[in-house]
There are 4 protein chains.
Amino acid sequence: MASAEVTNADSDLRQCIEDCLACHRVCMETLTYCLGKGGKHAEARHLRLLMDCAEICQTSANFMLRGSELHSRTCFACSEVSGRCEESCARMGEDVVMKACADMCAQCSESCWRMGGGVMPQTPNPEAAQRAADLPA
Amino acid sequence: MASAEVTNADSDLRQCIEDCLACHRVCMETLTYCLGKGGKHAEARHLRLLMDCAEICQTSANFMLRGSELHSRTCFACSEVSGRCEESCARMGEDVVMKACADMCAQCSESCWRMGGGVMPQTPNPEAAQRAADLPA
Amino acid sequence: MASAEVTNADSDLRQCIEDCLACHRVCMETLTYCLGKGGKHAEARHLRLLMDCAEICQTSANFMLRGSELHSRTCFACSEVSGRCEESCARMGEDVVMKACADMCAQCSESCWRMGGGVMPQTPNPEAAQRAADLPA
Amino acid sequence: MASAEVTNADSDLRQCIEDCLACHRVCMETLTYCLGKGGKHAEARHLRLLMDCAEICQTSANFMLRGSELHSRTCFACSEVSGRCEESCARMGEDVVMKACADMCAQCSESCWRMGGGVMPQTPNPEAAQRAADLPA
């Protein structure tokens, strides 16, 4: 691999770590805001998405910080969850806090997508795949 | 959906929660064992996989316990990570502790595969997908 | 230390791990239940305590599973948080789910208290203590 | 409370959140560094302290971000754990990575001490205290 590619890969990884850490924080702060505000902001589905997003961002960042070879899997999951959280925040309307959370989720989702986008559903190992294939429909 | 199917789905979910929680615990205990034992048991790659597996099992269990609609994503990631951890533990040879960890990881991997196996890489949202598609190769 | 004492200490530690793991799980399930039920069950302060308790139980269990020499500190924090969560759940009245959560929190609080009860506020190190003492009131 | 005091309290809280988040990150990166370096850097006790510190920093930050009334308890635990981690890193000698980690741990420990320093060991509730007092020595 050429060194320019290495540098790009490193730069993408560093950016993704930043985005996951920032998104975790914003989702936690937004959760607190929504709990205090009540009404539609505190509906179960919305609060659950904020908790989901904060937790998977944390886990995704930790995999990358740990230098895990499997970070693409957690990035992939994080990309989807933060994408859904973005939608839920965007639906809240003209609220500046929700808007900031939606923007951060969008950035995290895109960043994680770049890191985890190549993940295809693969069997964790052939035997497990076979066992899964043998299950009744 | 027929009620028998609902019951099966509920039963699978409950089993998957049990397996993730048990696998988290066994991986944490095995990590402690490997740290104490040193040598090949304490090699970076192996310790990292045990940490990865413990953390994604915890996150995966929490998504299911929270009733998250996105638990299939974290289950999918957990299935792959626990499958890799199983392999790493199995390679350690005739050690009874490693064998028990490998067995629990295999069970968790299979259980999560059933919950998350239908996950296809989807774009978190169309715009993010487009932005990702527009990136230089 | 006599071997009977060692055995008692080990047995207390094992029980405390079980209690923290069980309390984490029950608090997560109760959080989901309360989110779905709404009303006083979904008030901010109550939900926050359930989230707090689930998280510190998880951390406290992880410290013990990791064989950390500092587990008394996280046990001490966990004892206080689960004690408060017990009170909050008990105030919800005759609800069988809340009653079960209160009972589990009480058991975890007591178990952690035995592990962490000897913790006195000590300075993490003398220099930090001095710096803290030098702060303006 | 005068508004200047409120502002100081808010400012301390914000600083403590920053310090816990930064310390979590540095400890994770240092853990990865130590795993790769081996030797005394990868001794069980040192790795365990880095894992302990990363986890309690994360939990402590989450309590503050969630607006928890009990954050002084997790701050207190975090202050002690990060103080110990500072010592362990400082003992590694002239290594610039370890020095940076020791410095961040010291800052986090002091910051958490300000937030949690007033915590006295209190009983989580009177009944639990009585049960603990009734235990055989």
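B:Cys85 is a buried residue, with a relative accessible area of 0%, and it opens this account of a model that is predicted. The sulfur of B:Cys85 has its closest cysteine sulfur in B:Cys105, at 3.9 Å, which is too far for a bond. In chain A, A:Cys57 is likewise buried, its relative accessible area being 0%, and the closest cysteine sulfur to its own, that of A:Cys78, lies 3.7 Å away, again too far for a bond. A disulfide is a covalent bond between the sulfur atoms of two cysteines.

**Confidence of the prediction**

For the complex, the predictor gives an ipTM of 0.83 together with a pTM of 0.86. Chain A has a mean pLDDT of 86, with 80% of its residues at 70 or more. Within chain A, the highest confidence falls in helix H2 (residues 44-65), with a mean of 98, while the lowest falls in helix H5 (residues 126-133), with a mean of 47. Over residues 120-129 of chain A the pLDDT stays under 50, and for this stretch the model has 22 contacts beyond four places in sequence.

**The build of chain A**

The secondary structure of chain A consists of five helices and zero strands, so that, by the way such elements are written from the N terminus on, the order reads α-α-α-α-α. Of the 137 residues in chain A, 55% are buried. Among the contacts in chain A with a separation of 6 or more, 72% are between residues 24 or more positions apart.

One example of residues brought together from separate parts of the sequence is A:Val97, which is found in helix H4 (residues 96-116) of chain A. A:Val97 and A:Thr30 are 67 residues apart in sequence, yet their C-alpha atoms are 7.0 Å apart in space. Once neighbours within four places in sequence are left aside, A:Val97 is in contact with A:Thr30 and A:Tyr33. Its relative accessibility is 27%, and A:Val97 therefore counts as partly exposed.

C:Leu50 lies in helix H2 of chain C and is buried, with a relative accessible area of 0%. Apart from neighbours within four places in sequence, the residues in contact with C:Leu50 are C:Cys27, C:Thr30, C:Leu31, C:Cys34, C:Cys85, C:Cys89 and C:Cys101. Between the C-alpha atoms of C:Leu50 and C:Ser88, which are 38 residues apart along the chain, the separation is 8.9 Å.

D:Met64 is found in helix H2 of chain D, and it is buried, with a relative accessible area of 5%. Not counting residues up to four places away in sequence, D:Met64 touches D:Leu13, D:Cys16, D:Ile17, D:Cys20, D:His71 and D:Cys75. D:Met64 and D:Cys101 are 37 residues apart in sequence, and their C-alpha atoms are 22 Å apart in space.

The C-alpha distances given for these residues are set out below.

| Residue pair | Separation in sequence | C-alpha to C-alpha distance |
|---|---|---|
| A:Val97 and A:Thr30 | 67 residues | 7.0 Å |
| C:Leu50 and C:Ser88 | 38 residues | 8.9 Å |
| D:Met64 and D:Cys101 | 37 residues | 22 Å |

**Cavities**

Rolling a probe the size of a water molecule over the atoms shows where empty space is left. When the whole structure is searched, two cavities of 30 Å³ or more are found.

The largest cavity has a volume of about 640 Å³ and is lined by 40 residues, among which A:Gln58, B:Gln58, C:Glu55, C:Gln58 and D:Gln58 lie nearest its centre. At least two residues of this lining come from each of helices H1 and H2 in chain A, chain B, chain C and chain D. By class, the lining of the largest cavity has 16 nonpolar, 16 polar and eight charged residues.

The second largest cavity has a volume of about 30 Å³, and its lining is made up of C:Arg45, C:Arg48, C:Leu49, C:Asp52, D:Ser68, D:Glu69 and D:Leu70. These residues divide into two nonpolar, one polar and four charged.

Terms used: Residues numbered from 1 in each chain as written. Chains lettered and ligands numbered in written order. Predicted model: local features only at pLDDT ≥ 70, side-chain atom pairs only at ≥ 80, totals over all residues. Heavy atoms only, no water. pLDDT = per-residue confidence, 0-100. Helix = DSSP H or I, 4+ residues; strand = E, 2+ residues; numbered from the N terminus. Contact = heavy atoms within 4.5 Å. Buried < 20%, exposed > 50% of the residue type's maximum accessible area, 1.4 Å probe, protein only. 1 Å grid on protein atoms, 1.4 Å probe; cavity = no way out; pocket = protein on both sides within 12 Å on 5 of 7 lines; lining within 4 Å. Points joined across faces, edges and corners; volume = space filled by probe spheres on them. Nonpolar A, V, L, I, M, F, W, Y, C, P; charged D, E, K, R; others polar. Disulfide = S-S within 2.5 Å.
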